[in-house]
Amino acid sequence: MLKASGHIKEVYSVEKILEGLSGSKIFKVSSSDKTYIIKFVKPKQYSFEEELISSQIISDSSLGPKIYFYDNEKK
Amino acid sequence: MIVMECLEGYLITINMRKTKKLYEQLARTLKKLHNLNINTTIPDVNMFDLFEKSLSLLAQKKIDDRTKPIIEKIADNFKREKAMLDLNLVFANTVVCHNDLSPKNLIYKNNEFRLIDAYITRGDLFYDLATIIVFWCFDKSSEKMLLDSYFERELTPEENRKLSVFKKLAMQLYAIRLLCDCTGESTLSIDTTNKRTLLEFLSTNNNIISDKQILKFASILINQSI
């Protein structure tokens with residue numbers, strides 16, 4: 001699916017990393033050119049929309065990681 | 001699903017935690033966040049709201065008979081501290097807050113801090129500060145370096161009192177949120193004999209994934225705060 005989105009060309013490795021307090025599942029995905037973080041939001045403490053707004057604010061202000069892509073159907 | 005940049009940082013050593021430069025950089029990042037002027041609507045959620053929400057989530061978990069009184073004690077303490085604080089003072093410092101500034105959510109590289117895993121709300125700046133102090137400042141001098149860098153003045157007695165309460169509540173809230181994160185396959189059980197310090201734990205556990213690690217971490221936080 002990620003390859004189909006055109007954002008990741010080839011996946012070399014996938015590593016599960018530390019979970020956030022939100023209960024989301026977080027993976028580090030390495031491709032030929034970059035390493036990405038993919039967060040599958042589990043709406044336990046916060047909703048997907050809350051998580052996305054927070055990530056966007058942090059991204060837009062350059063205080064945190066840049067968001068490349070999101071899909072609220074595949075939470 | 002959110003796909004984002006992977007930020008690789010350096011490990012903050014114990015010696016680095018003793019330098020003024022580190023706290024100046026932390027304060028700079030924190031002030032930039034707190035002073036953000038954003039157009040998006042974000043919730044007004046303070047530490048007390050988070051505490052109440054987390055306690056109600058925790059109530060749905062299976063908790064063992066030895067742990068129940070500890071959680072009840074935390075809940076009672078929370079109500080008492082909240083009642084004793086001057087709410088005008090509590091709501092006097094509302095800014096854009098991160099709400100989860102434990103070390104794993106601050107990435108340090110090229111002399112600057114970047115933030116991850118935020119739950120952005122309008123909340124009290126003292127909650128973010130209290131969380132950083134709990135997890136980063138293991139002595140009074142490093143706490144002073146952070147506060148001096150952030151405020152560039154001495155705290156008032158009321159602010160000191162508020163910070164002291166918030167530090168205790170920040171530890172307990174973090175422990176409760178951790179416990180809420182357990183998978184629920186086993187009954188939650190706090191080990192009240194766990195005498196490890198937070199610093200020892202954080203120095204040896206970079207990746208907290210299993211329920212067993214979460215319970216150890218929560219035990220240390222609770223033992224240090226009640």
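## Where chain A meets chain B

Strand 3 of chain A and strand 1 (residues 2-5) of chain B run antiparallel and are joined by four bridges. Two strands count as paired if DSSP finds at least two bridges between them. Helices (H or I, at least four residues) and strands (E, at least two) are DSSP runs, numbered from the N terminus. One of the residues to look for is Lys39(A), whose bridge partner in strand 1 of chain B is Ile2(B).

This is a predicted model, in which local features need pLDDT of at least 70 and side-chain atom pairs count only at pLDDT 80 or more, while totals for chains, interfaces and linings use all residues. Residues are numbered from 1 along each chain as its sequence is written, and chains are lettered from A and ligands numbered from 1 in the order in which they are written.

The model scores ipTM 0.87 and pTM 0.87. For chain B, the average pLDDT is 86, and 92% of the residues score at least 70; pLDDT is the predictor's confidence in each residue, from 0 to 100.

## Chain A

Going along the sequence, chain A reads β-β-β-α-β, with one helix and four strands. Strand 2 (residues 25-31) and strand 3 (residues 35-40) of chain A pair antiparallel over six bridges. They make a hairpin with three residues between them, and Val29(A) has Tyr36(A) as its bridge partner in strand 3.

Helix 2 (residues 47-58) of chain B has twelve residues and should span 16 Å at 1.5 Å a residue, which agrees with the 16 Å between its end C-alpha atoms. The expected span is 1.5 Å times one less than the number of residues. Met47(B), Phe48(B), Leu50(B), Phe51(B) and Ser54(B) are buried in this helix. Seen down the axis, the buried residues fall within an arc of 160°, so they line one face of helix 2 of chain B; the arc is that of the directions from the helix axis to the C-beta atoms.

Helix 5 of chain B is mostly covered, with twelve of its twelve residues buried. Among them are Leu125(B), Asp128(B) and Trp136(B). Its cover includes helix 2, helix 6 (140-151) and helix 7 of chain B.

How values were computed
A residue is buried if 20 or more other C-beta atoms lie within 10 Å of its own, exposed if 12 or fewer, and partly exposed in between; C-beta atoms are placed from the backbone. Two residues are in contact if their C-beta atoms, placed from the backbone, lie within 7 Å.
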